[in-house]
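Hi,

Here is the model I promised to pass on.

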Amino acid sequence: MVRFEAVGLRYPGGGPHTGSWGPEALVDVTFALPPGSFTWLLGPSGAGKSSVLRLMHLALRPTRGEVEVLGLRSSRAPRAALAPVRRRIGVVFQDFRLLPYLSAFDNVALPLRLAGRPEASLRADVNEILKWVGLDGKAASLPPELSGGEQQRVAIARAVVHRPALLVADEPTGNLDNRQARRLLALLREMNRMGATVVVATHDEDLVARFPAPALVLRDGRLHDPDGARGIGADLTVDRFAPHPDAAEADDLAPEPPPPTAPPRRDPDLGDRRSPDLG
Amino acid sequence: MARRRHSRDPLGLRRALSGLLLPGLVAAMALLAALALAGAQGAAALAERWQRGAAAAVTVQIPDADAARVQRALVTLRAMPEVADAQAMDPQRLAALLRPWLGAAPSIPVPGVIELRLRDSRVDPVLIGDRLAQAVPGALVEAHGLWVQRLAALARSLQALALVVLVLVGLVAAAVVAVATRAGLAARRDAIEVLHGLGARDGDIAGRFARRVGLLAAGGAVVGTAAAVPALALLIDLAGPWLGSAGAMDSLTGLPWPGLVALPPVAFLVGWATAQATVRRWLHRLP
């Protein structure tokens, strides 16, 4: 599903847009995430969390080592091979990256239109996913007319509307208050329950404490792995949500509309995407 | 309604690539191209017509022509090194040419006419005439054809120049389109990165730019060509006396219509291809 092997990454000149090569932002990062897993990506600012995520959603290629995402080895794959894999990945950015001149509906519909879905069939799907994130009344609104939390929910709707096999989120709760952050995590967890592999980078330890799950911890561009438990071969398949369903969590989730058990789409073919061959 | 409109334009190119600058510049260039086209056609017609007139670059008239005098003149002329060819004009053909003026009266004496072709049009025909007059007294050399030949050469070079102008206009148009496309890329950089991140192929993004730019260029070309038509019609009216002896030529039918009609599609293609190349090269900076 997602496999990093001795990955090193350098940015040009220490920043993305200057001349020579800077120091290694990532050093010998090695891990593997099995299909259907939920993983936290933790570490202080500047530790390389965003770099790991950008390698995962193919916005970067490794300087050395190998990154394998959904069966594609990105270090040497031809450029044209990356686009189809990107279409199977959903990304939630801290700054949303919505297109400000498109309505919420059109922003969410983008991945389906890029995949060539006919207009008639995508309308129902987009409306359903907007309902799932609680924005069914705001489909025609432009992003600048929405609150931060609403924009974040549009961003997540866009990330999941095409049922990605891999969903990565970079500090998705950075702009949200606690309640909205918990709600966002419930949505991500719901996607994970339906089969997507989910990776969430955050420095919000409260959130991690509420939703315990396997974690990759980065420090100074290296995987912080004191007990050697998270490298390749480590058992990350254990769903740590299950062992910790304490009452406090249940209370937090209960009042959240809409009910997280409702599948976002009811197309019969979507059931297939949930089968274990996602990886 | 607004949503429908935007859904087909996820890059917001209607706003990023809008305004009158690009169509205006392309319109000006289409105007220049139309002028060059008309110039090329006009020069070609003049050259063609003058070339025909210059077929007999030099003619020799032999008064009181009898077969012996004409024969003597032919022999003398053919012996000259600068003469490539000398042919006596058939008296019957001559009579037919002159009939409209002289009627069918065989009694009027008609001079013998010899058509000369020279090896080099820069030779002074007066010298030929002087030498010929020694052998055949009274022979006259008429050299207007030489001037016509030189004019025809001038017209041919004007035609070539017009074609060079046409190519230059095309190149400048491509450069203008490239600059406009880069401005559009800069304005929509974030949107392009979002679409790229969502898995849009280079062809998807480049195609959107290329269609938009191509349409703007074609629109500009339509305006520019339409503006050129009255000016060209006027010019053709003025050039009429040199072009058509018939005089009945309508100035509008004299325009280079195939070329003019082709200008907007060509502008679309230039805009489309330039935008494709510019956007694809730009996209290669993204992984």
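Which side chains of chain A and chain B meet in a salt bridge? They are Asp202(B) and Arg79(A), at 2.3 Å from N to O. The rule (a side-chain nitrogen of Lys or Arg within 4 Å of a carboxyl oxygen of Asp or Glu) finds one salt bridge across the interface of the two chains.

Before the rest, some housekeeping. This is a predicted model, where local features need pLDDT of at least 70, side-chain atom pairs count only at pLDDT 80 or more, and totals for chains, interfaces and linings use all residues. Residues are numbered from 1 along each chain as its sequence is written, chains are lettered from A and ligands numbered from 1 in the order in which they are written, and side-chain values use heavy atoms, with hydrogens and water left out.

Back to the interface: 25 residues of chain A are in contact (heavy atoms within 4.5 Å) with 26 residues of chain B. About 2100 Å² is buried between the chains, 56% of it from carbon and sulfur atoms; buried area here is the accessible area (1.4 Å probe) that two parts lose on being put together, summed over both. Arg79(A), Tyr101(A) and Leu114(A) supply 36% of what chain A buries against chain B, more than any other three residues.

Now the helices (DSSP runs of H or I, at least four residues, numbered from the N terminus). In chain A, H3 (residues 104-114) and H5 (residues 148-160) pack at about 25° with their axes 7 Å apart; axes are lines fitted to C-alpha atoms over the stretch in contact, and angles run from 0 to 180 degrees between N-to-C directions. That makes H3(A) roughly parallel to H5(A), on a scale where under 35 degrees is roughly parallel, over 145 roughly antiparallel, 65 to 115 roughly perpendicular and the rest oblique. Ala104(A), Asn107(A), Val108(A) and Pro111(A) of H3(A) touch Val154(A), Ala157(A) and Arg158(A) of H5(A).

On the H5(A) side the contact includes Gln152(A) and Ile156(A), and on the H6(A) side Leu184(A) and Leu187(A) are among the residues involved.

Over in chain B, the axes of H4 (residues 67-79) and H6 (residues 125-135) come within 10 Å and cross at roughly 135°. That makes H4(B) oblique to H6(B). Here Arg72(B), Ala73(B), Thr76(B) and Leu77(B) in H4(B) meet Ile128(B), Leu132(B) and Ala135(B) in H6(B).

Cheers

Note on methods: Helix = DSSP H or I, 4+ residues; strand = E, 2+ residues; numbered from the N terminus.
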